[in-house]
Structures are given as structure tokens and as C-alpha cells.
Amino acid sequence: MIDIKTHTFTKQNKVWTNKVLDYYGEDLFAALYIVFGVSKEDLLSKTRTAALALCRKVHATVLCLEFNLHPEMVAKHINRDRTSVLYYTKNHDSDYEFWSQYKHSYNVVSQHYNSIMDLQNIMTFYDEKISERKQIEVIQSRLDELVKENNKLKQEIKTIK
């Protein structure tokens, strides 16, 4: 599990979440089929049966809480709005404590996902985004310096005239 307190960029990085979901998405849907017997098409449909709702809730909650993926991107991944995913994660503690079927499903899916998703590989996606961001920050700071230098030269030219 990624420590969200030390990796604040992770929770806010939608591109990183999309890379992770694109890379592992089909394997995650296959795991859900094994655990719940729910196909990808059924999961992405607008059908609101209790079994599908539980499956979506567990899937989204594990991805958001265990792997710190961005809730908005997880919502798009399961064809839902972000408020649904935020609702799932908000109610996780009470559901886990008082709803035995949810607790069992959450534990099984979490175990499957931990075996599917390689944390080193996920961190590689993360490290790539961090290095890109650092490069952008270096370029931005150099650009700011050049703008200041340019303004200074413009002032000198004005004083010479």
C-alpha cells in the first residue's frame, strides 16, 4: 500500500491513475468475474441490482483505499460518477464492520488485486510522473529566470536610449 501522507502527488494525479487502470484494467475485471461471476459488460452497465452494486462498491473501494487511485478516474473506469465512488469510500469503515458480505468480498477482492497489481510496477508509473513533473518544474524555474533577465535587459536598453 502506498503511504498517501508521503506521496500526496499520487492521490491528485489522474494521469498516473489512468496509466495504472489501463495497464491492469482487464486483469481486474477478470478477477471480478472470478469472485462475483460478473462480466465487464454487466459491471459497466447501468443495471442497479444488489449483486452488481456490491461488486462495483468493492472494486472501487479497494482501488481507492488500497492502491490510492484517484476516485474520479476509478469512477470513469466503472462507468459511474465520482460522487458514487466517494460515497463508497466514505462508508467503507461502517460497511466493513457491520456488513459481513461486504467484508468478505472486500477481503477476497483485495487479496486478488494485491496478487495482480505489482506494487513495483505501479511505483514505476508513479516515478515516471514524478520525474516528468520535476523536469517541468526545472524548466519553469529556468523560464522564470530568463523572463527576469529579459526584463532587466529591456530596462537597461531603455536607460541607454
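## The chain at a glance

Of the chain's 161 residues, 39% count as buried. The model is predicted. It holds 9 helices and 0 strands. Read from the N terminus, the elements run α-α-α-α-α-α-α-α-α.

Consider contacts between residues at least 6 apart in sequence. Of these, 71% join residues at least 24 apart.

## Helix H4

Helix H4 covers residues 50-66, which makes 17 residues. From first C-alpha to last, H4 reaches 23 Å. That is close to the 24 Å expected at 1.5 Å a residue.

## The largest pocket

The largest pocket contains about 230 Å³ of space. Which helix gives the largest share of its lining? H4 does, with 4 residues. H4 and helix H6 (82-90) each supply at least two lining residues.

The lining consists of Lys46, Arg48, Ala53, Leu54, Arg56, Lys57, Arg80, Tyr87, Tyr88, Asp95 and Trp99. By class, 5 of the lining residues are nonpolar and 6 are charged. No polar residue takes part in the lining.

## Thr89 in helix H6

Thr89 sits in helix H6. Its side chain reaches the backbone oxygen of Leu86 at 3.0 Å. Residues three or four places apart in an α-helix point the same way, because the helix has 3.6 residues a turn.

Which residues does Thr89 contact, leaving aside its neighbours within four places in sequence? They are Thr61, Cys64 and Leu65.

Most residues other than glycine have a negative phi. Asn68 has a positive phi of about 55 degrees, although it is not a glycine. Asn68 follows H4 and is found in the loop between H4 and helix H5 (71-77).

Asn79 also has a positive phi, of about 60 degrees, and is not a glycine either. Asn79 lies in the loop between H5 and H6.

How do the two stand in terms of burial? Asn68 has 6% relative accessibility, so it counts as buried, the cut-off being under 20%. Asn79 has a relative accessible area of 35%, so it is partly exposed.

Conventions: Residues are numbered from 1 along each chain as its sequence is written. This is a predicted model: local features need pLDDT of at least 70, side-chain atom pairs count only at pLDDT 80 or more; totals for chains, interfaces and linings use all residues. Side-chain values use heavy atoms; hydrogens and water are left out. The expected span of a helix is 1.5 Å times one less than its number of residues. On a 1 Å grid over the protein atoms alone, a cavity is a set of points where a 1.4 Å probe fits but cannot get out, and a pocket is an open set with protein on both sides within 12 Å along at least five of seven lines; lining residues have an atom within 4 Å of a point. Grid points are joined across faces, edges and corners, and a volume is the space filled by probe spheres set on the points. Ala, Val, Leu, Ile, Met, Phe, Trp, Tyr, Cys and Pro count as nonpolar, Asp, Glu, Lys and Arg as charged, and the others, Gly among them, as polar. A polar contact is a pair of N or O atoms within 3.5 Å; within protein, one must be able to donate a hydrogen and the other to accept it, and residues adjacent in sequence count only if both atoms are side-chain atoms. Contact means heavy atoms within 4.5 Å. Buried means under 20% relative accessible area, exposed over 50%, partly exposed in between (1.4 Å probe, protein chains only).
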